Amino acid sequence: MSENDSAANFEGGCLCGAIRYRFDGPLMAVAQCCCRDCQKATGTGHTTIIAIRDHQLQVEGSPRTFTVAGESGHDVTRHFCGTCGSRLYTGGGLLPDVVMVQSGTLDDPNSISPQSVIYTRDAVSWDRFDPALPRFETMPPLPV
Ligand SMILES: [Zn+2]
Ligand SMILES: [Zn+2]
């Protein structure tokens, strides 16, 4: 966790600016997620997510939501801007008090660094990852 400063403040928002958010550390995890749902939701090979407790996240504006049953059978809800479509964060699933923030929406995306690659079983052949990062076929256990 050394590169992800537990005392840092993080701010971000959607492309059009209608939705803004902020959260403080500590960060539970920062991961490159290659799952099919992330690929579909973002239109990319993988998305870089920051796991925090839901009480750490403060949101201004009203994101739209889309809920599907995740792999665990629990509902997973994606929050995004209804105007510009930026995907902002995801909640629900096995850990209902955890949210996954999309790191590309941070005002300073370089303020975090990924620690793992998850759902590698869904990774596409043309995507590339830091070979030094640990890889997991699906979801590794989060620190709780
Ligand atoms: Zn927007
Ligand atoms: Zn995913």
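**Figure 1. The hairpin of β6 and β7 in the predicted model.** In β7, His 79 is the bridge partner of Thr 65. Strand β6 (64-69) is joined to strand β7 (residues 75-80) by 6 bridges, and the two run antiparallel. Helices (H or I, at least four residues) and strands (E, at least two) are DSSP runs, numbered from the N terminus. Two strands pair if DSSP finds at least two bridges between them. The hairpin has 5 residues between the strands, and Gly 73 takes a positive phi near 95 degrees. β6 is hardly covered, with a count of 0 buried residues among its 6 residues. A residue is buried if 20 or more other C-beta atoms lie within 10 Å of its own, exposed if 12 or fewer, and partly exposed in between; C-beta atoms are placed from the backbone.

This is a predicted model, in which local features need pLDDT of at least 70 and side-chain atom pairs count only at pLDDT 80 or more, while totals for chains, interfaces and linings use all residues. Residues are numbered from 1 along each chain as its sequence is written, and chains are lettered from A and ligands numbered from 1 in the order in which they are written.

**Figure 2. His 74 in the loop between β6 and β7.** His 74 is exposed, because 12 other C-beta atoms lie within 10 Å. Leaving out residues up to four places away in sequence, His 74 touches Gly 92, Gly 93 and Leu 94. Two residues are in contact if their C-beta atoms, placed from the backbone, lie within 7 Å. Ala 123 is 49 residues from His 74 in sequence, and their C-alpha atoms are 23 Å apart in space.

**Figure 3. The open sheet of 7 strands.** The strand order is β6-β7-β8-β9-β4-β3-β10, and the pairing is mixed. β6 (64-69) and β10 stand at the edges with a single partner strand each, so one side of each is left without a neighbour in the sheet. From one strand to the next, the twist averages 30 degrees. For such angles, axes are lines fitted to C-alpha atoms, for helices over the stretch in contact, and angles run from 0 to 180 degrees between N-to-C directions. Strand β3 (residues 29-33) pairs with β10 in the parallel sense over 3 bridges. Gln 32 stands opposite Val 117 in β10.

**Figure 4. The open sheet of 3 strands.** Here the order is β1-β2-β5, with antiparallel pairing. β1 (9-13) and β5 stand at the edges, each with a single partner strand, so one side of each has no neighbour in the sheet. Neighbouring strands of this sheet are turned by 15 degrees against each other on average, direction ignored. β1 and β2 pair in the antiparallel sense over 5 bridges. Phe 10 has Phe 23 in β2 as its bridge partner.

**Figure 5. The largest nonpolar core.** A nonpolar core is a set of buried Ala, Val, Leu, Ile, Met, Phe, Trp, Tyr and Cys residues joined through C-beta atoms within 7 Å. This core has 28 residues, of which Cys 33, Cys 34, Ile 50, Ile 52, Leu 88 and Val 101 touch the most other members. At least two core residues come from each of β2 (20-24), β3, β4 (47-53), β8 (87-92), β9 (98-102) and β10. Val 101 touches Ile 49, Ile 50, Ile 52, Leu 57 and Tyr 89, not counting residues up to four places away in sequence.

**Figure 6. Pro 134 in the segment after β10 (116-118).** Pro 134 is exposed, because 10 other C-beta atoms lie within 10 Å. The C-alpha atoms of Pro 134 and Ile 118 are separated by 8.6 Å, and the two residues are 16 residues apart along the chain.

**Figure 7. The whole chain, for orientation.** The chain has 1 helix and 10 strands, which follow the pattern β-β-β-α-β-β-β-β-β-β-β along the sequence. Of its 144 residues, 31% count as buried. A compact globule with 144 residues would have a radius of gyration near 15 Å, and the 14 Å of the chain agrees. The radius is taken over C-alpha atoms, and the globule rule is 2.2 Å times the number of residues to the power 0.38. The C-alpha atoms fill a box of roughly 35 × 35 × 30 Å, taken along the principal axes. The mean pLDDT (the predictor's confidence in each residue, from 0 to 100) is 91, and 93% of the residues reach 70 or more. Among the elements, helix α1 (residues 36-42) has the lowest mean pLDDT (91) and strand β5 (residues 58-60) the highest (98).
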